[in-house]
Amino acid sequence: MVSLALSTLRARWALFAGTFLALSLGVALIAATGQVLDATRGTSKPGGPGRYDAAAVVVRAGQSFTVGFGSGDGAYDERRTATSPHRLGDVRRIADAIRAVPGVRRAVIDRSLPARVVTGHAVGPSASSDSSDPSAPSTPSDRPVGHGWSSAPLTPFRLTRGHPPAGDGEVVLAAALAERAGAAVGDKVAVVTPRGRQRMTVAGIAAPPGTDGVPGEATVFFADDTAQRLSADPDRADAVAALAAPGTSATALAGQVHAALPDPSLTAAAGPAKGGHPAAASRAAALGDVATLLAVMAVIAGFVAVFVVSGTFAFAVARRRRELALLRTVGATPRQVRRMIMAESGLLGVVASAAGCGLGIFGGRLLAAVLSSFGMAPEDFDVPVSPAVLLISFFAGLGVALLGVFAASRRAAKVRPAETLRDAAVETRVMTTGRWITGSLFLAVAVLLLIMLPQAGSDGAVVISLVLTEILVVAMVAFAPLLVPPLARAAALPSAALTRVTGALAGDHVRAAVRTTALAAAPILVTVAVAGSLIGVTRASAATTVADDRAHLKADVVVAAADGGTGTGLPAAALRDLSSVPGVRTVSPVDGTSGFLVGSRYVMVSGIGAVDPARLSGALRLDVARGSLGALRGDAVAVTKPVAGQLGWKAGDDVEVYLADATKVRVKVAVVISSSAGLPAVLFPRDALARHAPDTMAGAAYLSLAPGTDRAAVTAAAGKIADAYGASAHDRDDWLAQRAFATHEEGRILVLVLLGMSLLYTGIAIANTLVMAAGERAEGITLLRRLGATRGQVLRTVVWETLTVVAVGGALGVLAGGVTMLGTSRALSESGEPAEFPVPWQEMGAVLAGCLLVALSAALVPTLLHLRSSADPAGNAKAPGTRDPAPTGVG
């Protein structure tokens, strides 16, 4: 049977070309996604110098934590790493202990503080980005950080111009920061720190050897006493670093230093374990986000590839029904027929999977470039060739080829020898037992997911909706023999009404060949369903967020820090200045940071905010679901209802929260609020968060005005103050418009990245399937021409038939996507306010138009070529059935 399979592949290569194309591109899609996903692991350390490259040993507090869940055999641990330095206490005692260790030349206390250089409207490291323009591109910026000058030798930073900072009025800037700020030695610059804003003189410019700064950090050096005075937490430091005497082994010295430490829980590290790469944490977080995105993308890509490939194999076998009947006539047993078809698929799978792996290497690099261009991955994100991923992709492709043809081969083996005499397009008994079982099973799972969807929350709803869509697609394909005839009849009504013959003939063909029609419509179905559900879910999520912001914002003016307060924000001095603006009744600041929330089953990464409960009511309306806002004091928190549901938190519970620096805080859930109102999911009182994270500053300030106050005048006055601190001021309408633009833009980018490659693949699959169908349409065209049909009538018949197939696939796809979007709207409604549910007419119209354009091109081009090659329609062509016959398909 292998030799017969090889002979068939050689002789009927045109028949198998479409299957080869579908499988090779499907494997390429899986390999590309898998390689990029694999590249996100173990690449969190960027190139360039680190903060502690010149230090022999660095002593730090623990930078990670472990949380245990479950008990007994089901117990498991989850380990997380801090995203900001966990600081040391009692640093002078630690430094004295290190200095006493033989081989230590010098011990340096390294403390950092938020410090942003502001020059006019240019804000430190992100001067090139206009944060007030909603259309300005969002570019990642270095974190603005200040150090004492004694920390400079740890990298080492060396002066290239000027002199070290002396006294409170001087700073030294990293060369990269000085260039972006346009600052030279002797210039005056404004520096914003937790203590306020101060104009200082640039005493010097410094840089590490061979570069202009530490990646991920916009460094400002102060005099040591000044750095300690400006810090909001002067008694703590990031680390204590030891510079070794010449000839001292760093590894041996690390052991000696650790033994001398007063607290054995501290770490004394040498080599790569020293840390000090500021961009490492943000890079790891970015790659973690990319990995999550790619996991969703892999689900889409895998499903689309398997679905299209299996459908294409089934289509190819269906086209050979009478050929297989001829084999049965000459004595082939059902077992031999199955073995031949499986051998053909295996041989084709090996070659196509190998070709797909080769294409996947280039596809992975292209995908990485796309992710970097949208700011979703670091600019230097590289995707090395992963033999393991390619091997998995190869065997996945081979497995899909064999599994995709297995059911078709069993059906083909049951072909009766008498089928050789059959020359009709009508397909009988297409609703088999297997279809009933498969369709019922997947439909039951879809109903179960619809029930679960409202409890998934806004984030989980996106993932579950994708899985739900895919399950609905499989169920619809299984029930296609029941769904296609009525849909085809309805879709054919307009064409039959507009034409006397061609429209009705096209409709008859589509209804007669139910299985072939379903296979031809399948790529359209999956394209419309997956695209529709993802576009609809993201649009609904974005619209609900925008409506939530608009419904809950009461403030008249919003002042926002350039980076949301994650680097530097608005210090207390800025808040006092804003309070003094005439007409301002209250200023409600919101601090922003991040952290880890410990739930009943897992740890969630989340934004954490801090508010002044007494002032918040004038700025935002918070709808209470459980508990009381009056109880938000001390170590108590407010949490949104969706997050509380996912974590298993309830009002009154004592829960654990780890801040960004891995500081553990035990808090009580005082209140559960229905929606976030544009704030982080967890809210502390400002004084409580300040005790645990003193350097945190306000990321935004909400200004409520007295009645009759001129909002434009207040916005202008607040804007002047905001400019001085590197922030921006917006009136309510402008702020909501910017938030809406950013939310919708994020959704558009997400859809483009998730669907781009898959839609390209399904577009090729649509063309591929219809080109394969054109091969069996040739006999029908010849027969029509013999019966006197003109070229125009033939072309119109093909057009109407293609329109009917697209309409059937599109209708089923819209139905699957619509069910998913309705379920998602219920999940979003759980956030408090009714979910916004805008119908994506424009986007879905574009998807359907694209499917129609591809389908018409794939159907008409082969038809035109066949008509051109048919020089004598009335005379010399063989009658249908005198050569190896095949049933007519969708045409």
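**Figure 1. Confidence along the predicted model, by element and by stretch.** In this predicted model, strand S10 (residues 170–174) has the highest mean pLDDT among the elements of the protein chain, at 96. The lowest mean pLDDT, 37, belongs to strand S7 (residues 122–123). Over residues 121–140 the pLDDT is below 50, and this stretch has 30 contacts in the model beyond near neighbours in sequence. A further stretch, residues 873–891, also stays under 50 in pLDDT, and the model gives it 48 contacts beyond four places in sequence. For the protein chain as a whole, the average pLDDT is 81, and 84% of the residues score at least 70.

**Figure 2. Overall composition of the protein chain.** The secondary structure comprises 23 helices and 25 strands. The chain has 891 residues, of which 53% count as buried. Among contacts in the protein chain with a separation of 6 or more, 84% join residues 24 or more positions apart. The accessible surface is about 36,700 Å², and carbon and sulfur atoms contribute 60% of that area.

**Figure 3. The largest nonpolar core and the surroundings of Tyr-761.** The largest nonpolar core contains 89 residues, and Ile-300, Leu-371 and Tyr-761 have the most contacts inside it. Helix H7 (residues 278–319) provides the largest share of this core, with 15 residues. Apart from this core lies another, of 29 residues, which includes Ala-174, Ala-183, Val-191 and Phe-221. Which residues does Tyr-761 touch, not counting residues up to four places away in sequence? The partners of Tyr-761 are Ala-22, Leu-25, Gly-26 and Leu-29, together with Val-304, Ala-305, Val-308 and Val-309.

**Figure 4. A nonpolar patch on the surface around Leu-760.** Leu-21, Leu-760 and Ile-764 form this patch, and their accessible area together is about 240 Å². Leu-760 is a residue of helix H21 (residues 732–786). The relative accessibility of Leu-760 is 59%, so the residue counts as exposed, the cut-off for this class being over 50%.

Figure 5. A search of the whole structure finds 22 salt bridges. In one of them, the side chains of Glu-843 and Arg-539 meet at 3.2 Å, N to O. Glu-843 is partly exposed, with a relative accessible area of 28%. Arg-539 is likewise partly exposed, at 24%.

**Figure 6. The salt bridge between Asp-549 and Arg-739.** The closest N and O atoms of this pair are 3.0 Å apart. Asp-549 belongs to helix H15 and Arg-739 to helix H21, and the pair links parts of the chain 190 residues apart. Is Asp-549 buried or exposed? Asp-549 counts as buried because its relative accessibility is 7%, below the 20% limit for that class. Arg-739, by contrast, has a relative accessible area of 27% and is partly exposed.

**Figure 7. Further salt bridges of the model.** Arg-621 forms a salt bridge with Asp-623, with 2.5 Å between the closest N and O atoms. Arg-621 has a relative accessibility of 32% and therefore counts as partly exposed. Elsewhere, Arg-51, Asp-110 and Glu-217 are linked in a network of salt bridges.

**Figure 8. Leu-505 and its partners from other parts of the chain.** Leu-505 is found in helix H14 (residues 502–512). With a relative accessibility of 23%, Leu-505 counts as partly exposed. Leu-505 touches Leu-784 and Thr-797, residues up to four places away in sequence being left out. Along the chain, Leu-505 and Thr-797 are 292 residues apart, yet 7.0 Å separates their C-alpha atoms.

**Figure 9. Thr-544 and Pro-838.** Thr-544 is a residue of helix H15. Its relative accessibility of 9% places Thr-544 among the buried residues. The C-alpha atoms of Thr-544 and Pro-838 are separated by 9.5 Å, although these residues are 294 residues apart along the chain.

Notes
Residues numbered from 1 in each chain as written. Predicted model: local features only at pLDDT ≥ 70, side-chain atom pairs only at ≥ 80, totals over all residues. Heavy atoms only, no water. pLDDT = per-residue confidence, 0-100. Helix = DSSP H or I, 4+ residues; strand = E, 2+ residues; numbered from the N terminus. Contact = heavy atoms within 4.5 Å. Patch = residues over 30% accessible without salt bridge, like charges linked within 9 Å, V, L, I, M, F, W, Y side chains within 5 Å. Areas by Shrake-Rupley, 256 points an atom, 1.4 Å probe, with all protein chains shown as cover. Salt bridge = Lys/Arg side-chain N within 4 Å of Asp/Glu carboxyl O. Buried < 20%, exposed > 50% of the residue type's maximum accessible area, 1.4 Å probe, protein only. Core = buried A, V, L, I, M, F, W, Y, C linked by side-chain atoms within 4.5 Å.
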